[in-house]
Amino acid sequence: MLTHVFSAATHGVDAYIVDVEANLDSQVPSFTVVGLPEGAVKESRDRVIAAVKNTGLYFPLRRITINLAPADIRKEGSAFDLPMAVGILAASEQAVSENLPHAVLVGELSLDGSLRSVPGVLSMAVTAKREGKRMMIVPSDNVQEAALVEGLEVYAAKNLDEALDILANPGGHVPHSLNLAEVFARHVDDTVDMFDVKGQQHVKRALEVAAAGGHNVIMIGPPGSGKTMLARCMPTILPDMTLDEALAVTKIHSVAGQMEPGQALIATRPFRSPHHTISDAGLIGGGTYPKPGEVSLAHHGVLFLDELPEFKRTVLEVLRQPLEDGRVTISRAATSLDYPAEFLLVASCNPCPCGFFGDASGKCTCTPQMIERYMSKLSGPLLDRIDIHVNVPAVPYKELAADPTGERSAAIRERVNRARDIQAQRFREREGLFCNARMVSRDLRTYCRIDDQSHELLRMAIQKMGLSARAHDRILKVARTIADLDGSNQVTARHVAEAVQYRSLDRQLWLR
């Protein structure tokens with residue numbers, strides 16, 4: 001007898017429906033899984049047999065063939081355990097099969113028949129709704145995540161027996177419901193705040209400009225000057241997260257297996273801080289079975305690279321595509337995957353190998369050659385994609401000992417939100433453009449017109465102060481953001497002058 005049970009699998013950050021076909025023949029007992037199954041899928045045979053028997057059901061001693069269609073896509077993971085077991089039981093007439101055409105089943109089976117969570121359930125639920133399925137049965141730990149999709153009846157099953165009962169009598173069970181707006185509203189991250197950072201007012205201003213315009217930023221300063229703490233506060237001043245952004249972030253983290261059991265939604269902007277020993281695949285994604293990397297896990301949030309020159313040069317160079325395109329493309333012989341990677345890069349570095357070049361303490365022991373070699377690890381093409389360079393000096397003891405006096409993150413975020421609203425209105429007819437940092441040359445000619453005084457200031461900055469030509473566009477973009485923060489339609493010389501200050505790595509001062 002042949003039965004069809006529908007499941008789902010992820011491909012990149014999206015999912016597709018998998019038709020789990022179970023066929024029983026009256027021949028020598030065997031259990032075969034076809035349809036390009038990987039290791040975890042092949043091992044499902046032993047889990048399914050043990051789970052069915054330990055649930056108190058009869059496992060048919062017949063030739064069993066499971067086909068996972070479409071058969072031209074590799075299947076991985078353990079999410080097919082539940083649909084395979086249900087398919088075998090339905091084919092042997094131990095389970096009711098009337099509701100199978102309308103349901104999607106996912107879940108990993110333990111040997112005792114209980115269900116364990118699987119990654120990517122949100123993407124699977126979205127696909128199930130899109131494909132016209134009426135109901136979905138998932139492990140209890142995944143039900144909050146799946147219930148985010150409105151219009152789909154989502155049922156939580158603790159074990160195989162409960163899943164069979166739901167299929168036989170869905171009216172006797174209550175589908176899980178979730179107030180999406182309530183879940184989204186109660187996620188507030190108050191663990192860090194700009195108010196707690198003592199001193200560094202000019203750095204806070206630079207980070208505010210970066211958040212308002214979506215500009216990447218690098219902080220240069222000695223150890224202990226507060227670079228890491230400032231970076232950790234960055235998500236708290238970014239624009240308020242929208243529901244669509246939260247769903248996009250949740251899908252990525254779900255596919256990567258980064259969701260906590262029972263967690264429904266990631267409603268705070270991500271902050272990712274990988275160690276400098278990270279590999280190329282760890283940063284941008286990939287591997288034997290491709291998974292999202294740190295740049296995708298930081299989607300709509302902050303990617304913090306501490307001690308930037310310590311990262312391997314090859315790792316830094318692979319950042320160029322996601323910084324430019326906002327996406328990562330991972331190509332393999334059998335397939336090509338796209339992962340979203342719209343993040344704000346916050347990097348930090350010391351001004352020299354010992355970290356104290358230019359510090360008032362005078363403790364630097366580095367030679368000019370050592371400093372030049374150290375800073376040369378940051379390639380021009382990478383720095384070309386970082387709009388704001390800001391120096392972070394050591395905080396004097398007087399400021400450390402005093403009580404905090406700065407603004408709270410909420411007040412800064414209000415100004416950032418107003419600036420982003422101005423940009424959204426300005427770019428309303430430009431599809432895909434949502435912040436100043438994403439403007440291209442033709443946008444600069446339209447939106448960043450400056451007067452003669454500003455032109456003269458910019459010319460002097462490039463010719464007299466040693467600024468590179470590539471800094472020209474970056475300065476105009478940052479100046480446009482500063483003007484937005486001021487609520488000004490016109491970019492003035494004052495805005496350009498402040499933007500010029502944020503190009504310290506372009507000035508040839510490090511070796512003087």
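Guide: Contact here means heavy atoms within 4.5 Å, and the structure discussed is a predicted model.

Visitor: Which elements do the buried residues of helix 4 pack against?

Guide: Helix 4, covering residues 121-130, is mostly covered, with seven of its ten residues buried. Those buried residues are Val121, Leu122, Ser123, Met124, Ala125, Thr127 and Ala128. The elements they pack against are strand 1 (2-11), strand 2 (14-25), strand 5 (103-105), strand 8 (135-139), helix 5 (143-146) and helix 10 (243-255).

Visitor: Which residue takes a positive phi just after helix 4?

Guide: The helix in question spans residues 121-130. Just after helix 4, a positive phi of about 85° is taken by Gly132.

Visitor: Is Arg408 buried, partly exposed or exposed?

Guide: Arg408 lies in the loop that joins helix 17 (397-401) to helix 18. Buried would require under 20% relative accessible area and exposed over 50%. Because the relative accessible area of Arg408 is 46%, this residue is partly exposed.

Visitor: Which residues is Arg408 in contact with, leaving aside its neighbours within four places in sequence?

Guide: Arg408 and Val192 are 216 residues apart in sequence, yet their C-alpha atoms are 10.0 Å apart in space. With neighbours within four places in sequence left aside, the contacts of Arg408 are Asp193 and Phe195.

Visitor: How is helix 18 oriented relative to helix 21?

Guide: Helix 18 (residues 409-426) and helix 21 (residues 471-486) pack with their axes 8 Å apart, at an angle of about 115°. Angles of 65 to 115 degrees count as roughly perpendicular, so helix 18 is, relative to helix 21, roughly perpendicular.

Note on methods. Residues are numbered from 1 along each chain as its sequence is written. This is a predicted model: local features need pLDDT of at least 70, side-chain atom pairs count only at pLDDT 80 or more; totals for chains, interfaces and linings use all residues. Side-chain values use heavy atoms; hydrogens and water are left out. Axes are lines fitted to C-alpha atoms, for helices over the stretch in contact, and angles run from 0 to 180 degrees between N-to-C directions. Helices (H or I, at least four residues) and strands (E, at least two) are DSSP runs, numbered from the N terminus. Angles under 35 degrees count as roughly parallel, over 145 as roughly antiparallel, 65 to 115 as roughly perpendicular and the rest as oblique. Buried means under 20% relative accessible area, exposed over 50%, partly exposed in between (1.4 Å probe, protein chains only).
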